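Good morning, and thank you for coming. Please look at the model on the screen while I take you through a few of its parts.

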Amino acid sequence: MLHNIQPTQVFLEVDVYQRIELENFVNREELEDFLRDDTTDMLTYGKNFTCLSFAHLLSGRAKSQGKNVVVLWDAWRYNITDGHAYCMAYSEADRTYYIIEPQSDMILWGWKLEEE
């Protein structure tokens with residue numbers, strides 16, 4: 001089972017010289033489908049696999065599928081060393097930035113851009 005994988009066994013094979021064109025998600029439903037299929041949330045948090053590890057893995061898996069998901073470090077509610085990592089994705093149709101908790105693959109909130 002995936003949750004028994006050791007953090008050192010989790011990796012993405014990436015050709016660093018290959019340019020990947022990234023796209024935003026079309027809508028929230030496409031983002032939810034990606035998160036439903038993603039297995040990052042099945043891994044176990046620990047000393048060597050932290051929230052930042054989850055965030056980078058989720059972001060990397062999205063990028064390997066051509067989707068743009070970035071890592072955010074929340075140090076303002078905490079301090080610079082005791083912050084928390086999240087992911088963020090943008091939906092074109094919804095004109096909304098979605099904040100994702102990478103340890104649970106849950107969308108926490110969305111920030112909708114105002115109409116122009």
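This is a predicted model: local features need pLDDT of at least 70, side-chain atom pairs count only at pLDDT 80 or more; totals for chains, interfaces and linings use all residues.

The buried residues of H1 are Leu31, Phe34 and Leu35. Because they cover an arc of only 95° around the axis, these residues lie on the same side of H1. On the face turned away from that buried side, H1 carries the exposed residues Arg36 and Asp37.

What covers the buried residues of H1? The cover includes H2, E2, E3 and strand E4, which spans 106-112. At the N-terminal end, H1 is capped by Asn27. Here a side-chain oxygen of Asn27 lies 3.2 Å from the backbone nitrogen of Glu29.

In soluble globular proteins, nonpolar side chains tend to be buried together. In this model, the largest nonpolar core has 15 residues, and those with the most contacts inside it are Leu31, Leu35 and Ile100. Two or more residues each come from helix H1 (28-37), helix H2 (51-64), strand E2 (84-91) and strand E3 (96-101). Which element gives the most to this core? It is H2, with four residues.

Ile100 deserves a moment of its own. Setting aside its neighbours within four places in sequence, Ile100 is in contact with Leu31 and Leu35, and also with Leu58, Tyr86, Cys87, Ala89, Asp105, Met106 and Ile107.

Ser59 has its place in helix H2. Is Ser59 buried or exposed? Its relative accessibility is 6%, so Ser59 counts as buried. The side chains of Ser59 and Lys63 are joined by a polar contact of 2.9 Å. Leaving aside neighbours within four places in sequence, Ser59 is in contact with Val69, Val70, Val71 and Cys87.

The second residue is Glu101, in strand E3. Why does Glu101 count as buried? The reason is its relative accessible area of 13%, since buried means under 20%. A polar contact of 2.8 Å links the side chain of Glu101 to that of His84. When residues up to four places away in sequence are not counted, Glu101 touches His84, Tyr86, Met106 and Leu108.

To close, I would ask you to find Leu31 and Leu35 once more on the screen. Both are among the buried residues of H1, and both are among the residues with the most contacts inside the largest nonpolar core. Thank you for your attention.

How values were computed:
Residues are numbered from 1 along each chain as its sequence is written. Side-chain values use heavy atoms; hydrogens and water are left out. A nonpolar core is a set of buried Ala, Val, Leu, Ile, Met, Phe, Trp, Tyr and Cys residues joined through side-chain atoms within 4.5 Å. Buried means under 20% relative accessible area, exposed over 50%, partly exposed in between (1.4 Å probe, protein chains only). Contact means heavy atoms within 4.5 Å. A polar contact is a pair of N or O atoms within 3.5 Å; within protein, one must be able to donate a hydrogen and the other to accept it, and residues adjacent in sequence count only if both atoms are side-chain atoms. The arc is that of the directions from the helix axis to the C-beta atoms.
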